[in-house]
Amino acid sequence: MKQQQRDKEKLLKAKKSIVEILEVAMEFERTAQVFYAELASRVSKRIRYLVEELAEEEQGHYDRFKKLRDREDLEEQINTLITLPASDGHFSDAVHLPQLGEKPDDQEVLQYALWREHLAIDQYHALAESTAPGPIQDLFLFLVDEETKHKKELEKIYYEVVHSGGV
Amino acid sequence: MVYQPDRSQYPQQRADGSLDIDLESGKYLKLWQGPQHPGITGNMSLELTVCGDEVVEAKTHVGYLHRGFEKLMERRTFIQCFPIVCRICVPEPDFNEYCYAAAVEELAGIQPPERSDWIRTLILEMGRINSYLMFLGGQAGSLGLGVVAQWSTYVRDLMLDRFEELTGARIYHMFILPGGVRGDLPEGFQQRMEETLKEIERTLGDIEDVMFCNAVFKKRTVGLGYIDPALFNPYGVTGPNARAGGVAKDVRRDQPYLIYSQLAFEPIVGQDSDVFARADVRRRDLLLSIDLIRQILAGMPKKGPVMAKIPNVLHWKIPPGETYIRGECSRGEYGYYLVTDGSGYPRRVNVRGPSYTHAVALLERLIVHVNISDVAGLMVSLHTYPPEIER
Amino acid sequence: MSIQDLLSPFTAWKNLFRDPVTIQDPFNDRPGSERYRGFHKNDVASCIGCGTCETICQNAAIDMVVGEGEPTGAGDSGLRPRIDYGRCCWCALCVDICMTGSLTMSNAYTWVERDPDAYRFTPGVDKKSWDNAPLGYQRAESHRLAPTQRVTMGEVAPERRIGSFEEIVQGYGVEQARLEADRCVSCGLCIATCPTHMSIPDYIQSVRDGDYEKGLALLYETNPFSNVCGRVCTHKCETVCAAGHEGEPVAIRWLKRHIVDQLPVEKYRRIIGDPKPPTGKRVAVIGAGPAGLTAAFDLAKMGHSVVVYEAREKPGGMFRYGIPEYRLPYDAMDIDIEIITSMGVEIRCHNRVGTDITMEQLHQEYDAVLLSIGLHLGRSTRIAGSDHKGVAKAVDLLRDIADGKSIDVPKQCVVIGGGNVAMDIARSMARLQKSTQGEIRVTVTALEDLDHFLADPEEVKECGEEGIAILDSRGPQEICLDDQGQIIGLRTWGVESIFDEQGRFAPRYNPEDEQIHPADRVIEAIGQQSDVTLLGEALTEKLAWNRGRIAVDGQGRTSEGWLWAAGDCVNGPDVVHAVADGHRVATDIDLMLQKKR
């Protein structure tokens, strides 16, 4: 596992092709899915739904990126090399999953998930800014949009769970 | 110039005062005038016994229009009675609305706002004009002068237009309800009313020319249906029927209600107490109403509420009590006697309509010795509306 | 008689030269006047199907029928008036009484049909040519057939009430209550909306009639907490009250309180009646709050033996430990609880399930167990500094106040939250500050803007009267500490918008608009959750859950056949909902016990 992580980090060092970036993104989602799936068995059954939903969500993202990578009509652009932005570090940080404690509660899980989404948005945003207008930039903007939607959805759940307004 | 028939062939009176009429003798004939007859005011009928073309005895028959309003009201809440009462008198429904509303207000302790009193007075005078216009057409028509009815119906229609724009309806206005009136005067009402009043005045001039200054009309009405003023009190004669005999009875002045005490007027009186005098009193009373409407529209407060705060009408209970509210309608004294028992329904409502006294007992007396062709003219001259006889 | 009388009639001939006065085409040239009471129109979207038009119609011309395609919902019966023009007399009382102003009349006055049944129609639903007629009768603004203004409730003046926890609302006197009760139109929309379906129009009628014993009997049919609900109910009934559409809703809650205020507690039992003979079945209830005690009351009436386990010193649950005394005096709730115990319900206080007795023991000892534990754990924002000891949760402080513990009163405090709990703690703190330091320095910061406040408007208003500063649209960011680690304030950002397009909670902040609200203590009142640790891990794992709450079926039964759950811990916070829930589970438990027999 550790070796794999290091490889991924290397992947993100210098210039990369889109297909590589997509693969990092896929890896990002995949590791998260694995993390949540594993976490689900540890948390109280009361809040397990939350973790399971997150795992499902990540799986969905993964499938989506995979489809994108496999699209033939993008083949040409997909091999274009682009310069990685400075914020790339954040992204690879997130591929490492931080500790969430042995028994996290719903609020902690949500805060963690929010933080991850935030990183992803930052990363794709920076990537979009470093590319010229065109289909590639559109792709990054699309990814920003996707992750922003996810984050917004999570925020709503967060406020519904935590800020119930009191009696 | 009282009509003096030849009495030689008339039936003898028996010792008890009844007439000795032997129908087998061939001298007498029973004739029904009504209930469907143009010479009858409303759905009522007269059972005439005639000898030649002279009436020797008459019985009045009512009941063709009985809808049991008084009883219906005992099973309706106080607000639900409001749409019913106007139906008790079709040509001049507003008196029912006013009397009922005022009776309820008195027993429930509600003070309607001042402006609503002015509007109520206005409506009552408008209704009086309509009633008189209908009378003039009927009185002239009953004696063969069809054109007057056409003219008076036209101007009455103009007044109905005013009613429509003020109250939302032409005949059954349902505008005066306990607590006040339903709405304020519409924009430009005073001006349109003035135009209508002018048109009525002009038409009245024409009517005077063809009806009152008419040799035929005078010939047939002067002296017909004379009511001896001594009969007024025993027979409960009120309104123009009494005023035409020189008695200045008018509830508007004698016991002022609404805002009549703030209006300048004198009761219209006549002298001869016959059909002509009664028609003339009504014509002049109509002119008085026109004057009163002008006074009202000029003197009315310009602003203010028209409806008092009333309790929730859906379960409105009124403390036990009784009251009698009266007013001067176009036919005489109109009154409502209302008894409440603390429940949500009137315990008893009694309507005092002037038609009851005028169209039954008085008519039966006046009709004796009258020529058949004058019966219609006589009956109309008493200005009676059968629906208020049989509430 | 003169020669003039012979000639004068001939002047009639002059009319030969006049224009005709008749209108040639009355259908087009002579529309009905602006106020004409013509055919009915109904704006079905604003009609609520209250049926007052049907009630007032003296001709019985109106029937309330199911309006095709009209959704039935809170405050809308889904019925619409159908009018029979064979009976209608166009008096327009239906228009005058209409509670929403949806029913009006057009100025149309001709309508020709071959089919006589066509004249019985549902305005607005059956489309007619006059539906959009601009003219026609509408009720004048001033013309109302029922009072629109609520009878003012007497309240203790802010200057006086702030000095103590004295009850603010004074209650209606008999005459005031009758006037207020008079405003009800008995449409019953409130019954459908009330979670426990109280017979509201009937008990309001008992106020009008002055028959309080009947009123109390009606209250107890559906709610054993009328002293409590008469004061602090969330009164959803009032939000759907027909009178509220064009006026103020009837003060249903205060009228309920008025009934219980009129009768001495000694009379209650005779009016309610005695429980049924014992069945020998035993039921345990965990938590002596509104849901648990309602179920206990019902079950005891049915003859079952009920034991209520309460962790705290006194019964009452959220309403004793969450609602301050100035809103709900302890004496009032004690009356309701006293009646419940008088039915044979045993309440064991200081008995915490999970420590003093386990769920497994309850399962073994009783025929059925009901979990009604409320929401006693406060949520935290978990912003930086929120783990400081000077940061407290509102529920914990309110509980300490209810238990009579001495509170360390801050000189200046900031409350985070915009719900009723935030108002409760802010006002409680203000009272404590007033009595200890004579000066009130409480600030409430809420995410929501004032238009979307979760707290009741009267709470917000009264906060203002009591000198509490409410800052709306402020998002908490950090609890600021000085060098010594003492709290100096709360840093917030302005909130630009609070809801997203779907109306879901999604605040957006503006970091430029930053403020620091000075305080030596911060109180979090943002939300609550139930403490389900008492279940133990094994049971937690066995039970089915629904998004963080115990999953129950329509009758309140959990996936474990012996265990029911009810109240706030299942439905979220609402006292009357909890009462309704208590009835529901009691019925279901009884059904199960009968089958067992």
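In chain B, in which helix is confidence lowest, and in which is it highest? I will come to that after a word on the model.

This is a predicted model: local features need pLDDT of at least 70 and side-chain atom pairs count only at pLDDT 80 or more, while totals for chains, interfaces and linings use all residues. Residues are numbered from 1 along each chain as its sequence is written, and chains are lettered from A and ligands numbered from 1 in the order in which they are written.

Now the answer. pLDDT is the predictor's confidence in each residue, from 0 to 100. Helices are DSSP runs of H or I with at least four residues, strands are runs of E with at least two, and both are numbered from the N terminus. In chain B, confidence is lowest in helix α13 (residues 386-389), at a mean of 87, and highest in helix α10 (residues 275-299), at 97. The average pLDDT of chain B is 92, and 98% of its residues score at least 70.

Next, a sheet in chain B. Three strands form an open antiparallel sheet in the order β1-β2-β3, where pairing requires at least two DSSP bridges between two strands. The edge strands are β1 (29-33) and β3 (54-61) of chain B, each pairing on one side only. From one strand to the next, the twist averages 25°; angles run from 0 to 180 degrees between N-to-C directions, with axes fitted to C-alpha atoms, for helices over the stretch in contact. β1(B) is joined to β2 (residues 45-51) of chain B by 5 bridges, and Leu29(B) stands opposite Val50(B) in β2(B). Helix α12 (residues 372-381) of chain B packs on this sheet and touches β1, β2 and β3 of chain B. The direction of α12 makes about 145° with that of β2(B). Contact here means C-beta atoms, placed from the backbone, within 7 Å.

On to chain C. Its secondary structure comes to 23 helices and 22 strands. The C-alpha atoms of chain C fill a box of roughly 120 × 70 × 45 Å along the principal axes. Of its 597 residues, 49% are buried, that is, with 20 or more other C-beta atoms within 10 Å of their own, these atoms being placed from the backbone.

Last, the contact between the two chains. Chain C gives 34 residues and chain B gives 31 residues. On the side of chain C, the elements giving two or more residues are α1 (3-7) and α3 (52-56).

Technical notes: Buried ≥ 20, exposed ≤ 12 C-beta atoms within 10 Å, placed from the backbone. Contact = placed C-beta atoms within 7 Å.
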